[in-house]
Amino acid sequence: MIQKTKPKEFQCEVRHFQYITPTVFEIDFMTSEPFPFVAGQFISIVIPGGAAGGRDLRRAYSIASEPESNSIKLCVKLVEGGPGTNYLNKLRPGDKFRGVAPYGDFVYKTMGGRAACFLSTGTGIAPFRSIIRSRAFRESPPPKAWCLLGVREEDELLYEDEMSANKLIQWQTTVSRPQNPDWKGFKGRITDYVRSMESAIPWAETDFYLCGNGAMIDEMKALFQSKGVAKEA
């Protein structure tokens with residue numbers, strides 16, 4: 001069961017900023033006071049004057065760091081014209097901003113004996129990184145766990161070294177349009193890869209978690225329905 005914590009506003013101070021792919025940056029910050037959250041939850045960032053009439057605007061970002069970390073990390077794709085991503089992209093160490101957290105029920109639930117499969121595209125990997133690095137997951141891992149990340153080009157792969165070294169999961173990346181003609185990894189969409197491993201997945205005994213673009217989620221839901229995967233209530 002998720003331990004509910006009422007969201008509250010925090011003053012946040014940037015500790016570190018870096019681009020981790022050509023279009024995705026990671027922002028690392030501290031909050032004015034520690035706040036408890038469950039791996040997979042998100043924070044709402046306040047964008048000053050970002051809405052019509054100069055009103056403040058809020059944008060939600062999944063937390064990419066584990067609850068036991070001393071700081072909070074977000075991985076954010078820079079979107080042209082996006083008020084949230086452009087605001088965060090201008091912040092540098094020492095800058096302060098406002099955030100409201102924690103929010104969300106998209107968390108890992110330990111289900112005795114069941115496998116887990118985390119499917120993401122792009123920065124949708126953020127909540128899964130938080131989950132897989134969390135104490136709760138490490139202390140009670142599923143008997144089998146897959147974590148898949150799909151991107152368009154190979155230079156957009158996120159957390160590749162870290163995830164591939166994690167012994168609690170089977171990490172797999174897919175690239176739909178690799179730029180290197182000698183690309184040796186899986187070429188195609190994440191949904192193509194899942195179909196290629198159909199016989200290896202115990203569909204009825206696996207819990208699936210999806211985070212990413214709508215087309216991937218819709219396609220996976222259709223596949224789940226054909227496999228008799230129960231929809232969570």
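This is a predicted model: local features need pLDDT of at least 70, side-chain atom pairs count only at pLDDT 80 or more; totals for chains, interfaces and linings use all residues.

A: Residues are numbered from 1 along each chain as its sequence is written, and side-chain values use heavy atoms, without hydrogens or water.

The chain contains six helices and eleven strands (DSSP runs numbered from the N terminus: H or I of at least four residues for helices, E of at least two for strands). Its C-alpha trace spans about 50 × 45 × 35 Å along the principal axes. Of the 233 residues, 46% are buried (under 20% relative accessible area with a 1.4 Å probe, protein chains only; exposed is over 50%, partly exposed in between). Among contacts (heavy atoms within 4.5 Å) between residues at least 6 apart in sequence, 68% join residues at least 24 apart.

Within helix 6, the buried residues are Met216, Ile217, Glu219, Met220, Leu223 and Phe224. They lie on the same side of helix 6 because they cover an arc of only 165° around the axis (taken from the directions from the axis to the C-beta atoms). Ala215, Asp218, Gln225 and Ser226 are exposed on the other side of helix 6.

Both ends of helix 6 deserve attention. At its start, a side-chain oxygen of asparagine 213 comes to within 3.2 Å of the backbone nitrogen of alanine 215. Such a polar contact is a pair of N or O atoms within 3.5 Å, one able to donate a hydrogen and the other to accept it, with residues adjacent in sequence counted only if both atoms are side-chain atoms. After helix 6 comes glycine 228, which has a positive phi near 75°.

The buried residues of helix 6 pack against strand 7 (115–121), helix 5 (190–196) and strand 11. Strand 11 comprises residues 206–211 and includes threonine 206. At 2% relative accessibility, threonine 206 is classed as buried. Its side chain reaches the backbone oxygen of proline 202 at 2.8 Å. Leaving out residues up to four places away in sequence, threonine 206 touches Arg114, Ala115, Ala116, Cys117, Trp146 and Ile201.

Some further local features complete the picture. A cis peptide bond, with omega of about -5°, joins alanine 101 and proline 102, and proline 102 belongs to strand 6 (residues 96–103). Pro102 is also one of the residues in contact with glutamine 41, among them Ser62, Ile63 and Tyr103, when neighbours within four places in sequence are set aside. Glutamine 41 occupies the loop between strand 2 (24–31) and strand 3 (42–47) and is buried, with 6% relative accessible area. A polar atom of its side chain lies 2.8 Å from the backbone oxygen of glycine 104. Finally, tyrosine 159 has a positive phi of about 55° although it is not a glycine. Tyrosine 159 is in the loop between strand 8 (145–151) and helix 4 (160–164), where it is buried at 12% relative accessible area.
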